[in-house]
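Work through the exercises below with the model open beside you. Try each task before reading its solution.

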Amino acid sequence: MLRIKELFSNVELLCLVGGEPFLNPELPKYCILCRELFPESKIRVITNGILLHKCEESLKIMEENNIELLITKYPIKIKLDMSNFPNLKYSFTPEMNYFTKKLTLTNDNNAKKAYRRCHERICHYLENGKIYGCTLFGRVKKLNEVFETNYPDVGIDIYSIKDGHELNNMLENVFSYCSYCSKNYETVKWSCNEKPDLVNYIVTKPDSFVFKMKMKLKHLLRTN
């Protein structure tokens, strides 16, 4: 965050996300630091809301620092009592019953078309000193860890950038890795699943036969 402050005098919208940000015991410190560095920015913490009844310290710090709370509404029950935080701004998303899948296993899609269609291209993702053009590729390394896929790490080292203009130019063009995103999005129904499956994240159409063959081959390589 200190480096981003060096590159940009202000950030219009800054979101603290996870995973689940309320699992991080240092969330109050992040909130204070972000507000000190960016006094004019809209700052938002995005959560599924499950832990809100256990995080009064974090909510109090958010209220004191004019940080908004955005609760992603899933079809689950959450405990929510905001009576102790009358000045805390909070809102809900529409209920999320489905997730969108857009990734393919290969990079043979039309990158320009995928980029133009994608709303995530304006949602840049910062983690561990690297910034990613979209949140999807900021997190795709988790798929590599869990499912042994081979998506590239396309993060831009924010310490190797000359200034904010250079970084903006890099972030406002079609990304080569957009070729991993299909023009045909699919949806998967929200559910609690103890054992994640790659097909919950990867587009299986339009060529489902090719996809099945690749998955079968991958399984054979693992078992052998």
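A salt bridge is a side-chain nitrogen of Lys or Arg within 4 Å of a carboxyl oxygen of Asp or Glu. The model is predicted, so local features need pLDDT of at least 70 and side-chain atom pairs count only at pLDDT 80 or more, while totals for chains, interfaces and linings use all residues. Residues are numbered from 1 along each chain as its sequence is written, and side-chain values use heavy atoms, with hydrogens and water left out.

**Exercise 1. Salt bridges**

Task: Count the salt bridges by this rule. Then place the pairs of Glu6, Asp153 and Glu145.

Solution. 
- Step 1. The count is 9 salt bridges.
- Step 2. Take Glu6. Its partner is Arg3, with the closest N and O atoms 2.9 Å apart. Both sit in helix H1 (residues 2–7), 3 residues apart, which means about one helical turn lies between them. Helices here are DSSP runs of H or I with at least four residues, strands are runs of E with at least two, and numbering starts from the N terminus.
- Step 3. Check exposure. Buried means under 20% relative accessible area, exposed over 50%, and partly exposed in between (1.4 Å probe, protein chains only). Glu6 is exposed at 58%. Arg3 is buried at 14%.
- Step 4. Take Asp153. Its side chain meets that of Lys130 in a salt bridge, 3.1 Å from N to O. Asp153 lies in the loop between helix H6 (141–147) and strand S8 (156–157), and Lys130 in strand S7 (residues 130–132), so the pair ties together parts 23 residues apart in sequence. Asp153 is partly exposed at 47%. Lys130 is partly exposed too, at 28%.
- Step 5. Take Glu145. Its side chain forms a salt bridge with that of Lys142, at 3.4 Å from N to O.
- Step 6. Recall the helix geometry. An α-helix has 3.6 residues a turn, so residues three or four places apart point the same way.

**Exercise 2. The parallel sheet**

Task: What is the strand order of the open sheet, and which strands are at its edges?

Solution. 
- Step 1. The sheet has 4 strands in the order S1-S2-S3-S4, with parallel pairing. Two strands pair if DSSP finds at least two bridges between them.
- Step 2. The edges are strand S1 (13–16) and strand S4 (90–92), each pairing on one side only.
- Step 3. From one strand to the next, the twist averages 25°.
- Step 4. Look inside the sheet. S2 and S3 pair in the parallel sense over 4 bridges. Val45 has Leu69 in S3 as its bridge partner.

**Exercise 3. Helices H2 and H3**

Task: At what angle do H2 and H3 pack, and which residues of H3 are buried?

Solution. 
- Step 1. The angle is about 5°, with the axes 9 Å apart. Axes are lines fitted to C-alpha atoms, for helices over the stretch in contact, and angles run from 0 to 180 degrees between N-to-C directions.
- Step 2. H2 and H3 are therefore roughly parallel (angles under 35 degrees count as such).
- Step 3. List the contact residues. Leu27, Pro28, Cys31 and Ile32 in H2 meet Glu57, Ser58, Ile61 and Met62 in H3. Contact means heavy atoms within 4.5 Å.
- Step 4. Find the buried residues. In H3 (residues 56–64) they are Ser58, Leu59, Ile61, Met62 and Glu63.
- Step 5. Find the cover. It includes helix H2 (27–37), strand S2 (42–47) and strand S3 (68–71).
- Step 6. Relate H2 to the sheet. H2 lies across S1 and S2, running at about 170° to S1.

**Exercise 4. Two loop residues**

Task: Is Thr72 buried or exposed? Where is Ser179?

Solution. 
- Step 1. Thr72 is in the loop between S3 and S4. Its relative accessible area is 12%, so Thr72 is buried.
- Step 2. Leave aside neighbours within four places in sequence. Thr72 then contacts Ile46, Thr47, Asn48, Thr93 and Met96.
- Step 3. Ser179 is in the loop between helix H7 (164–171) and strand S9 (181–189). At 9% relative accessibility, Ser179 is buried.
- Step 4. Not counting residues up to four places away in sequence, Ser179 touches Thr104, Thr106, Asn107, Asp108, Asn109 and Ala111.
- Step 5. Ser179 and Arg117 are 62 residues apart along the chain, and their C-alpha atoms are separated by 12 Å.

Terms used: Angles under 35 degrees count as roughly parallel, over 145 as roughly antiparallel, 65 to 115 as roughly perpendicular and the rest as oblique.
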